[in-house]
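Reader: Please take me through this structure, and set each term against its definition as you go.

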Amino acid sequence: MADLVWLHEGALRLTHPVFAAGGPDAATIFIWDRDRLAASHVGIKRQLFIYETLAEMSESRSLDIHEGRAEEVLPRLAAQAGAGRVLVPSSPDPALRAEIGAIRRAAPDLEIVEIEETPFVTLANTPDLGRFFRYWNKARKSALRPQGI
Amino acid sequence: MNETIPLPTRFADRAAMLAHVAALSGRDDAASAVPDIAAGGRKAAEAVLAKVDPRAYAASRNHLDGAVTRLSPYIRHGVLSLDEVRNAALASVGDPKQAEKFIQELAWRDYWQRIYLAHPERVWTDVESYKTGFDAAEYDAELPADIAAGETGVACIDQFIATLVETGYLHNHARMYLASYTVHWRRVSWQAGARFFLEHLVDADPASNNLSWQWIASTFSNKPYIFNLENVAKYCGPDINTIPRHNLVLDQSYERLSELLFPYMGGPHG
């Protein structure tokens with residue numbers, strides 16, 4: 001079965017690993033949820049920037065913007081596309097994580113796979129995040145190398 | 001409305017797209033004028049990235065007219081990855097150390113995102129207590145109307161607010177000044193200020209923005225960040241009004257400001 005790529009506002013580029021995971025034929029959607037945007041304090045200037053970026057992406061790849069709530073729109077679009085898997089760029093945003101949870105409850109047969117962003121640094125252990133320089137002292141060596149390797 | 005019909009992506013111009021986005025958001029009032037914000041899209045991002053000079057950035061980034069990159073909206077929205085920006089920076093210098101300051105600033109974003117993933121609650125709640133001599137309850141929960149309107153009467157602060165509202169961008173140093181003024185001069189909760197920035201900044205990210213506000217407030221740092229008019233004049237150049245009589249509350253020594261702003265806490269700050 002085909003994959004469906006579900007983009008969000010934190011991963012707006014065609015070179016994101018989510019597209020490599022889905023392959024060239026995977027349908028791509030962005031769900032425009034005005035209530036979630038408002039709840040996340042996304043102002044009109046940022047909304048314009050996001051829309052402008054999506055519009056440019058749609059010039060090079062089939063990408064549709066749909067209005068609505070993800071847990072209602074996504075299962076329907078996945079069914080229309082004949083998709084058994086939904087690929088979504090991973091994100092720390094609790095609102096997105098809550099949406100993924102709601103979709104899994106609403107459509108338990110739909111597999112949702114989170115695809116990680118290309119890493120910035122490679123760390124052997126979970127860093128101490130108590131202060132920036134504790135993290136930086138562990139990350140510096142990797143950060144100053146190409147690909148963080 | 002049939003939600004399975006895609007929304008349009010072709011518009012005659014930016015004004016038409018703005019009108020569409022404003023209508024989608026139920027914010028028709030916002031479509032009256034196209035804001036002077038960064039252009040969206042990968043082509044614009046690559047053009048900005050091509051101009052990055054890590055050495056010039058390190059030398060002048062703290063000045064409002066310094067060689068800052070304006071990459072933040074593209075990084076925040078994943079139009080550019082931190083990895084590719086770092087790789088481009090390294091490719092533009094002979095020695096990785098020449099790009100270290102720039103890459104360290106990229107690392108701040110990686111750091112904030114790691115906190116967001118591990119401790120999402122810290123984005124809206126105090127990580128630590130205020131270290132100002134005041135309790136959290138003593139800070140106003142709402143942003144005062146004169147700050148939202150850019151009518152505080154403090155000239156440089158009002159200029160920073162106008163720039164933020166009109167362009168969706170503010171130099172990092174100006175963000176620090178405005179945040180510090182809001183929290184420490186006006187005793188407004190960092191959450192109220194953070195919401196104001198999130199509404200207006202094109203690069204707004206809950207983790208980077210809110211945890212930086214906490215750094216200013218001292219709820220995620222060891223002391224409150226304050227500044228004075230002399231510091232503004234040093235970094236802001238002639239476009240910012242730093243005439244003392246137009247900025248009276250800022251025109252003090254750090255020692256005097258600490259006494260005025262934090263009367264229940266001993267020791268100087270800066």
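Author: Helix H6 of chain A (residues 132-143) packs against helix H6 of chain B (residues 100-118) at an angle of about 120°, their axes lying 10 Å apart. Helices here are DSSP runs of H or I with at least four residues, and strands are E runs of at least two, numbered from the N terminus; axes are lines fitted to C-alpha atoms, for helices over the stretch in contact, with angles from 0 to 180 degrees between N-to-C directions. The model is predicted, so local features need pLDDT of at least 70 and side-chain atom pairs 80 or more, while totals for chains, interfaces and linings use all residues. Residues are numbered from 1 along each chain as its sequence is written, with chains lettered from A and ligands numbered from 1 in the order written.

Reader: Why are H6(A) and H6(B) called oblique?

Author: Angles under 35 degrees count as roughly parallel, over 145 as roughly antiparallel, 65 to 115 as roughly perpendicular and the rest as oblique; at about 120°, H6(A) and H6(B) are therefore oblique to each other.

Reader: Which residues of H6(A) and H6(B) meet?

Author: A:Phe132, A:Tyr135, A:Trp136, A:Ala139 and A:Ala143 meet B:Ile103, B:Gln104, B:Ala107, B:Trp108 and B:Tyr111, where contact requires C-beta atoms, placed from the backbone, within 7 Å.

Reader: How many residues does each chain bring to the contact?

Author: Chain A brings 51 residues and chain B 56, and H3(A) gives the most to the side of chain A that touches chain B, with 14 residues.

Note on methods: Two residues are in contact if their C-beta atoms, placed from the backbone, lie within 7 Å.
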